[in-house]
Amino acid sequence: MKRNNNNNNIMNLFIKPISNETMFLGMIGCVMAMIPIILLINNYAYDDGKLVCDNYVLNSYLYALLGFCVIGLSVFFEQKVRLMPMLFGNGIIIKIISFILILVIFYGLSKYITDANPKNILSIHLAYFLACFLFGMLMTIILVLGYATGVLYEAIAITIGLTMLMAFIGYKYGHLFITINFDKVLSYALFALIIWSVIVPFIINDPFTLMLSVAIPSAIIFCLLLMSYNNKLRKNQKDCKVPNYPKEALGLVIKIGNLLADIIQILMATKNNSNRQ
C-alpha cells in the first residue's frame with residue numbers, strides 16, 4: 001500500500017502543475033542565487049567592459065554556475081507549463097519530431113556559441129541562456145524523479161564531489177597521462193553505450209537493474225569527459241587571446257548535468273533494490 005501511495009505521489013508531480021506561488025518563489029530563489037555569481041563574473045572576467053583571460057578556469061566555472069541557475073529557472077517554468085509532457089505524451093511520430101526539433105535547436109545554439117566572435121557578448125550570452133534553459137527543460141523529468149524518490153540532494157552532493165575531483169585531476173595531472181585523443185575514444189564509448197541502451201531491454205527484465213546497467217558506465221564516461229575537459233581548460237588558458245567563457249561553460253554544464261542524471265538513476269535503483277530486500 002505504501003509503495004502504491006509513493007507511486008501515486010510521483011505521478012502527481014508529473015501530471016499536476018505546480019502552483020503559481022511555488023513557481024514564483026522557486027524562480028525568485030534562482031534569480032537571487034544568480035546575483036552574486038554575476039557580480040563575481042563582472043569582477044573576474046571583465047576589465048573596463050572587456051573580457052580578459054585572467055582567472056580563465058574560475059570564470060568558466062562561474063559561467064557554469066550561472067548556467068545551472070538558469071536550469072533551475074527552466075525546471076520551475078517547465079513544472080508549471082508542462083511543455084515536455086505535452087510534446088512527448090502524444091503519438092510516436094510527434095515524439096520523434098519533437099525530440100529531433102529540440103536536438104536541432106540545441107545544436108544550433110551550441111554551434112553559434114562555439115563559432116561566434118567572442119566579442120559579440122550580448123548575442124553569445126543570449127544563446128547561452130537559451131541553451132541552458134532548453135537543457136533544463138530536458139532534465140526536468142529526471143530531476144523531479146530524484147526529488148520524488150528522495151535522492152536528489154544526495155545526488156547533487158555526490159555530483160559536486162565528483163566534479164571537483166575530476167577538475168583537480170584533469171587540471172593538475174591530465175597532461176601527464178592524457179596523451180591520446182581522449183575525447184574521441186570517449187565519444188566512441190558513448191556511442192557504444194547508446195547502442196547498449198537500445199539492446200539491454202531485450203536482455204534484462206528488471207527495470208532497476210536495467211537502469212544500473214546503463215547509468216553506471218554512463219557516469220564513468222562523463223567523469224572521464226570532465227577530467228579531459230579540465231585538461232583542455234588548462235591548455236585553452238595558455239592560448240587565450242579573447243575568451244569565450246559561455247562556450248567553455250556550456251561544455252561543463254552538459255557534462256555535469258548528464259553526470260547528475262546518471263547519479264540520480266544509480267541512487268534510485270540502489271534505493272529500490274534495498275527496499276525490496
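**Close-up views of helix packing and pockets**

**View 1. Helices α8 and α9 are roughly antiparallel to each other, because angles over 145 degrees count as such.** In this predicted model, α8 covers residues 182–199 and α9 covers residues 207–239. The crossing of α8 past α9 is left-handed. On the α8 side, the contact is made by Phe182, Asp183, Leu186, Ala189, Leu190, Leu193, Trp196 and Ser197. The α9 side contributes Ser213, Val214, Pro217, Ser218, Ile221, Phe222, Leu224, Leu225, Met227, Ser228 and Lys232. Sorted by class, this contact of α8 with α9 holds 13 nonpolar, four polar and two charged residues.

**View 2. Helix α7 crosses helix α9 at roughly 60°.** The axes of the two helices come within 7 Å. This angle makes α7 oblique to α9. α7 passes α9 in a right-handed crossing. From α7, the residues in contact are Leu162, Thr163, Met166, Ala167, Ile169, Gly170, Tyr171, Gly174, His175 and Phe177. Their partners on α9 are Cys223, Leu226, Met227, Asn230, Asn231, Arg234 and Gln237. Nine nonpolar, seven polar and one charged residues make up the contact of α7 with α9. Met227 of α9 takes part here and also in the contact with α8.

**View 3. Helices α3 and α6 pack with their axes 7 Å apart.** The angle between α3 and α6 is about 55°, and the two helices are therefore oblique to each other. Their crossing is right-handed. α3 brings Tyr63, Ala64, Gly67, Val70, Ile71, Leu73, Ser74, Val75, Phe77, Glu78 and Gln79 to the contact. α6 brings His125, Tyr128, Phe129, Cys132, Phe133, Phe135, Gly136, Met137, Thr140, Leu143 and Val144. The contact of α3 with α6 has 15 nonpolar, six polar and one charged residues.

View 4. At least two lining residues come from each of α4 (83–88), α5 (92–115), α6 (121–148), α8, α9 and α10 (245–276). The lining of the largest pocket divides into 29 nonpolar, 10 polar and seven charged residues.

**View 5. The second largest pocket has a volume of about 960 Å³.** It is lined by 29 residues. Phe68, Gly72, Leu143, Leu152 and Ile156 are the lining residues nearest the centre of this pocket. The helices α2 (20–44), α3 (56–81), α6, α7 (152–177) and α10 each supply at least two residues of the lining. The largest share, 10 residues, comes from α3. By class, the lining of the second largest pocket has 24 nonpolar, five polar and no charged residues. Helices α6 and α10 also each supply at least two residues to the lining of the largest pocket.

Key
Residues are numbered from 1 along each chain as its sequence is written. This is a predicted model: local features need pLDDT of at least 70, side-chain atom pairs count only at pLDDT 80 or more; totals for chains, interfaces and linings use all residues. Side-chain values use heavy atoms; hydrogens and water are left out. Axes are lines fitted to C-alpha atoms, for helices over the stretch in contact, and angles run from 0 to 180 degrees between N-to-C directions. Helices (H or I, at least four residues) and strands (E, at least two) are DSSP runs, numbered from the N terminus. Angles under 35 degrees count as roughly parallel, over 145 as roughly antiparallel, 65 to 115 as roughly perpendicular and the rest as oblique. A crossing is left-handed if the near helix is turned anticlockwise from the far one by less than a right angle, and right-handed if clockwise. Contact means heavy atoms within 4.5 Å. Ala, Val, Leu, Ile, Met, Phe, Trp, Tyr, Cys and Pro count as nonpolar, Asp, Glu, Lys and Arg as charged, and the others, Gly among them, as polar. On a 1 Å grid over the protein atoms alone, a cavity is a set of points where a 1.4 Å probe fits but cannot get out, and a pocket is an open set with protein on both sides within 12 Å along at least five of seven lines; lining residues have an atom within 4 Å of a point. Grid points are joined across faces, edges and corners, and a volume is the space filled by probe spheres set on the points.
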